[in-house]
Amino acid sequence: MPGDNFNECCEYLLTRYSRRNAQVVAERLKTLCGFLKQEGNHVVQTTFGGSVRKNTYVTGLSDVDALLIVNDSSLVNQPPAKVKRRVRDAIRQGLPDNTVRMGDLAVTVEYADGTEIQLLPAIRTRTSGIRIAQPGTTGWSNIAHPERFAKKLAEVNTARGGRVVPAIKLAKAMADCFIEQEDRKIKGYHIESLAIDAFEDYRGPLDTRSMLIHLLGHSIKAVMHPLADSTGQSRYVDEYLGPADSPSRKRASTHFGQMRAMVRTCETKAAFNALFCVGL
């Protein structure tokens with residue numbers, strides 16, 4: 001059990017966030033793929049496409065995000081909803097006791113232990129890019145290259161002694177705790193992109209508190225303008241906040257400023273627990 005030292009508390013909390021049985025998840029993904037391969041004999045390839053692949057997964061806050069690349073010629077010209085229904089129905093048939101639900105982008109499978117595996121159906125294009133459902137529409141997104149983002153984040157993280165990913169995990173957890181209204185929450189992918197921008201040329205201290213303060217401080221100004229999406233999936237990673245200097249961006253900027261102030265003044269375990277909605 002950590003004392004009142006902020007960095008010590010952070011390391012203890014990060015250990016808790018990392019508790020996830022990777023073997024169980026891998027076995028479940030293999031089973032899910034098996035169901036889908038049997039359905040119509042089309043081939044399904046799985047790669048981690050979200051926070052698991054980027055190692056920024058936070059237990060309880062991030063779904064297990066797997067990208068399902070469906071190589072089925074009969075589905076290539078079909079709308080995303082049909083592809084998602086095919087995936088959902090195949091899993092329901094294979095796992096009749098599990099809750100399987102279809103969302104705007106993904107199909108989520110719930111397990112008795114509380115784990116949720118989120119499958120993001122995608123279609124591979126002739127140009128070797130990948131298309132996923134376009135949020136808010138009935139069509140496919142622009143070509144996505146999730147591996148580019150994962151590679152860039154890994155490069156920045158390595159260059160800063162592996163301390164960027166822990167800062168992202170803490171920022172995600174803190175933002176989820178601090179911003180209570182669902183429609184005002186900062187998206188995880190957005191925080192990851194802000195972190196790449198914040199730490200690419202960073203030369204400051206590498207302790208957890210300093211890194212977290214820098215990320216939150218950088219985001220106060222950075223969030224006021226659209227941030228380009230390096231993966232090609234969309235024009236900007238933060239289109240959900242609207243144009244530059246929008247009310248949503250000003251509100252997000254205020255949130256980042258308030259969180260930075262709270263980290264700076266945090267001196268006790270009770271204050272730390274309040275930051276992250278935990279009990280250490």
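The link of Cys 177 and Cys 277 is right-handed, with 70 degrees about the S-S bond. This is a predicted model, in which local features need pLDDT of at least 70 and side-chain atom pairs count only at pLDDT 80 or more, while totals for chains, interfaces and linings use all residues. Residues are numbered from 1 along each chain as its sequence is written, and side-chain values use heavy atoms, with hydrogens and water left out. The secondary structure of the chain comes to nine helices and six strands; helices (H or I, at least four residues) and strands (E, at least two) are DSSP runs, numbered from the N terminus.

**Disulfide and cysteines**

- One disulfide (a pair of cysteine sulfur atoms within 2.5 Å) turns up in a search of the whole structure.
- Cys 177 and Cys 277 are the two partners, with an S to S distance of 1.9 Å.
- Cys 177 has a relative accessible area of 14% and is buried, whereas Cys 277, at 55%, is exposed. Buried means under 20% relative accessible area, exposed over 50%, and partly exposed in between (1.4 Å probe, protein chains only).
- Cys 9 takes part in no disulfide, and the nearest cysteine sulfur, that of Cys 10, is 7.2 Å away.
- Cys 9 is buried at 1% relative accessibility, and Cys 33 is buried at 8%.

**Packing of α5 and α8**

- Two packed helices are described by the angle between their axes and the distance between the axes.
- The axes of α5 and helix α8 (residues 247-265) come within 11 Å and cross at roughly 110 degrees. Axes are lines fitted to C-alpha atoms, for helices over the stretch in contact, and angles run from 0 to 180 degrees between N-to-C directions.
- The two helices, α5 and α8, are therefore roughly perpendicular to each other. Angles under 35 degrees count as roughly parallel, over 145 as roughly antiparallel, 65 to 115 as roughly perpendicular and the rest as oblique.
- On the α5 side, the contact (heavy atoms within 4.5 Å) is made by Met 174, Ala 175 and Phe 178. On the α8 side, His 255, Gln 258, Met 259, Met 262 and Val 263 make the contact.
- Six of the residues in this contact of α5 with α8 are nonpolar, two are polar and none is charged. Ala, Val, Leu, Ile, Met, Phe, Trp, Tyr, Cys and Pro count as nonpolar, Asp, Glu, Lys and Arg as charged, and the others, Gly among them, as polar.

**Helix α6**

- Helix α6 (residues 188-199) has 12 residues and reaches 17 Å from its first C-alpha to its last, close to the expected 16 Å. The expected span of a helix is 1.5 Å times one less than its number of residues.
- Nine of the 12 residues of α6 are buried, so α6 is largely enclosed by the rest of the structure.
- The buried residues of α6 include His 190, Glu 192, Ser 193 and Phe 199.

**Strand β4 and Thr 108**

- Thr 108 lies in strand β4 (residues 107-110) and is buried at 6% relative accessibility.
- Leaving out residues up to four places away in sequence, Thr 108 touches Thr 99, Val 100, Arg 101, Glu 116, Ile 117 and Gln 118.
- Arg 88 is 20 residues from Thr 108 along the chain, and their C-alpha atoms are separated by 8.4 Å.

**Positive phi values**

- Asp 245, in the loop between α7 (208-222) and α8, has a phi near 60 degrees, a positive value in a residue other than glycine.
- Asp 245 is partly exposed at 40% relative accessibility.
- Cys 277, one of the disulfide partners, has a positive phi near 55 degrees.

**Whole chain**

- The chain has 280 residues, of which 46% count as buried.
- Among contacts in the chain with a separation of 6 or more, residues 24 or more positions apart account for 59%.
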